[in-house]
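Trainee: I'd like a close look at one part of this model, please: the pairing of charged side chains. Take me through it pair by pair, with the cut-offs you rely on.

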Amino acid sequence: MSNRISNWRDILRLMLRNTLSLVVGFTLLQCVLYGQATERQSELAGAVARLKLGDIYNRDIVVLANAGMVEAIPVLEKEFGQATDVTTKAQIASGLVQLRDRDDTYWNFLLEQATLAVDSDVPDPFFDSEGKVRVKEGQTVSPELQAWAQAHHVDANSAAHNAMYDLPGKVLLLGTSGDRRGVPLLQRALGSHNVQIVNFAAMGLANIQDKDSIPLIIAACRRAPGLASVIARSLVYFDEPEARKAVDTYVPKEYAKALRDLRASGHKIFGD
């Protein structure tokens, strides 16, 4: 499998940047998402062409799975067996589950990795439990993460990277699979001390359209008022009055309109 096109870490970094943009405004997210929609128009054709050659890129997994290309299953199964990197295997597993592969090997792997992320005790590198920035002037990560890294004899920057990208990425991949079996773990992830894990859990539950999770997502917004606007954006993808009211409560009016316009145009919570 080639890495010549953005892998899942690149996608996650973009989504993290989008998340942080909510704190300062909505223009960046609006432009980025419209740009993504334009790019995807040509991505599928390229992914299908590479699939026929048996040499897909990492980004192709997302494109093919979103398009429901079950023809990709044999190739992805082969790639999963050959992959040695855990994150690559998790990305492939997510795509296979999304394509409804009947072999539970891929679901079990995906669930195992997401469970490790939800159960992790690595502190959030930037925010406290209420969504307030806790990085002091002159610091690159929070004092809590610094202390955790020292206690566990690991590099603080490596721990921060893990907390910022690797752990949330596992929850992201569970959510993008769209499998309802993930609902209990995603609901539990809403209680994580890692804000990005909470954010991706909420998005995953919206992707699955688990209406019973709406009160739980709203409760997560209440627990972290500093980032409630980030968490609440997932509620745009529910049609229930309770969800609409929460969006109007927690998300700035212009930003909420932009998100609703995107959904109305056919944009899905994890992309087209």
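Mentor: Happy to; what follows goes through the salt bridges and the surroundings of their partners.

A word on ground rules before the pairs. This is a predicted model, so local features need pLDDT of at least 70 and side-chain atom pairs count only at pLDDT 80 or more, while totals for chains, interfaces and linings use all residues. Residues are numbered from 1 along each chain as its sequence is written, and side-chain values use heavy atoms, leaving out hydrogens and water.

The general idea is that side chains of opposite charge can pair when their charged atoms come close. Here, a salt bridge means a side-chain nitrogen of Lys or Arg within 4 Å of a carboxyl oxygen of Asp or Glu. By that criterion, the structure holds twelve of them.

Let's begin with arginine 188 and aspartate 119, whose side chains meet at 2.7 Å, N to O. This pair links distant parts of the chain, 69 residues apart: arginine 188 sits in helix α9 (residues 183-189) and aspartate 119 in helix α6 (residues 104-119). Helices here are DSSP runs of H or I with at least four residues, numbered from the N terminus. As for accessibility, buried means under 20% relative accessible area, exposed over 50%, and partly exposed in between, with a 1.4 Å probe and protein chains only. Arginine 188, at 44%, is therefore partly exposed, and aspartate 119 gets that label too, at 47%.

Next comes aspartate 248 with arginine 260, a salt bridge of 3.0 Å, N to O. Aspartate 248 belongs to helix α13 (residues 241-250) and arginine 260 to helix α14 (residues 253-264), so this contact ties together parts twelve residues apart in sequence. Aspartate 248 has a relative accessible area of 52% and so counts as exposed; arginine 260, with 30%, is partly exposed.

Arginine 181 forms a salt bridge with aspartate 179, and their closest N and O atoms are 2.8 Å apart. Aspartate 179 has a relative accessibility of 9%, which means it counts as buried, whereas arginine 181, at 42%, is partly exposed.

How values were computed. Helices (H or I, at least four residues) and strands (E, at least two) are DSSP runs, numbered from the N terminus.
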